[in-house]
Amino acid sequence: TDAHDHVFWSAEALERYNQAGQGTGSWVHKMEGPQRFMCDSWSLGAIIYSLVAKQPPCETDEDVLAKRWNFNLAIDEMDTEAKSLIEGFMHPTFDKRIRAERALHHEWLRRRW
């Protein structure tokens, strides 16, 4: 996998990938329970961020691992509902991230579909 692809991974998934040995394939099986779903939430937030801002929220693996990201000017011009959804998906604490079921009822998505 290209290192640039990791910018859409959650920090928890990237940590497991690095611990298991890159490219072994066994790291996926170590993601269990709620942590696995919250990693998906982070990735959804990164994808939504990228679609709105036309760039990923993190530039490097180090940024992902540090959960270091902020809104750029393209998103600052968006409404607070878009920012709220992204913040919910990309919360630094994995068990506080918004779940997919709740996101389906988020006002930003409901207004568009």
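Two residues are in contact here when they have heavy atoms within 4.5 Å of each other. By that criterion, and not counting residues up to four places away in sequence, Asp63 touches Cys58 and Arg68. The model is a predicted one.

**Confidence**

Mean pLDDT over the protein chain is 78, and 75% of the residues score at least 70. Among the elements of the chain, helix α5 has the highest confidence, at 90, while helix α4 (residues 73–76) has the lowest, at a mean of 70. Where pLDDT is low, the predicted coordinates should not be read in detail.

**Nonpolar core**

The largest nonpolar core holds 25 residues, and the members that touch the most others are Trp69, Leu85 and Ile86. At least two residues of this core come from each of α1 (11–20), α2 (33–53), α5 (80–89) and α7 (107–112). The biggest contribution is that of α2, with 6 residues.

Which residues does Leu85 contact, leaving aside its neighbours within four places in sequence? The partners of Leu85 are Ile48, Ile98, Ala103, His106, Trp108 and Leu109.

**Salt bridges**

Side chains of opposite charge can pair when their charged atoms come close.

| Pair | Distance |
|---|---|
| Glu81 and Arg111 | 2.6 Å |
| Arg68 and Asp63 | 2.8 Å |
| Glu101 and Arg99 | 3.3 Å |

In the pair of Glu81 and Arg111, Glu81 belongs to helix α5 and Arg111 to helix α7, so this bridge ties together parts that are 30 residues apart in sequence.

Asp63 lies in helix α3 (residues 61–65). Arg68, by contrast, is partly exposed, with a relative accessible area of 47%. The side chains of Asp63 and Arg68 are also listed as a polar contact, at 2.8 Å.

For the bridge between Glu101 and Arg99, the accessibility of Arg99 is 36%, so Arg99 counts as partly exposed.

Conventions. Residues are numbered from 1 along each chain as its sequence is written. This is a predicted model: local features need pLDDT of at least 70, side-chain atom pairs count only at pLDDT 80 or more; totals for chains, interfaces and linings use all residues. Side-chain values use heavy atoms; hydrogens and water are left out. A nonpolar core is a set of buried Ala, Val, Leu, Ile, Met, Phe, Trp, Tyr and Cys residues joined through side-chain atoms within 4.5 Å. Buried means under 20% relative accessible area, exposed over 50%, partly exposed in between (1.4 Å probe, protein chains only). Helices (H or I, at least four residues) and strands (E, at least two) are DSSP runs, numbered from the N terminus. pLDDT is the predictor's confidence in each residue, from 0 to 100. A polar contact is a pair of N or O atoms within 3.5 Å; within protein, one must be able to donate a hydrogen and the other to accept it, and residues adjacent in sequence count only if both atoms are side-chain atoms. A salt bridge is a side-chain nitrogen of Lys or Arg within 4 Å of a carboxyl oxygen of Asp or Glu.
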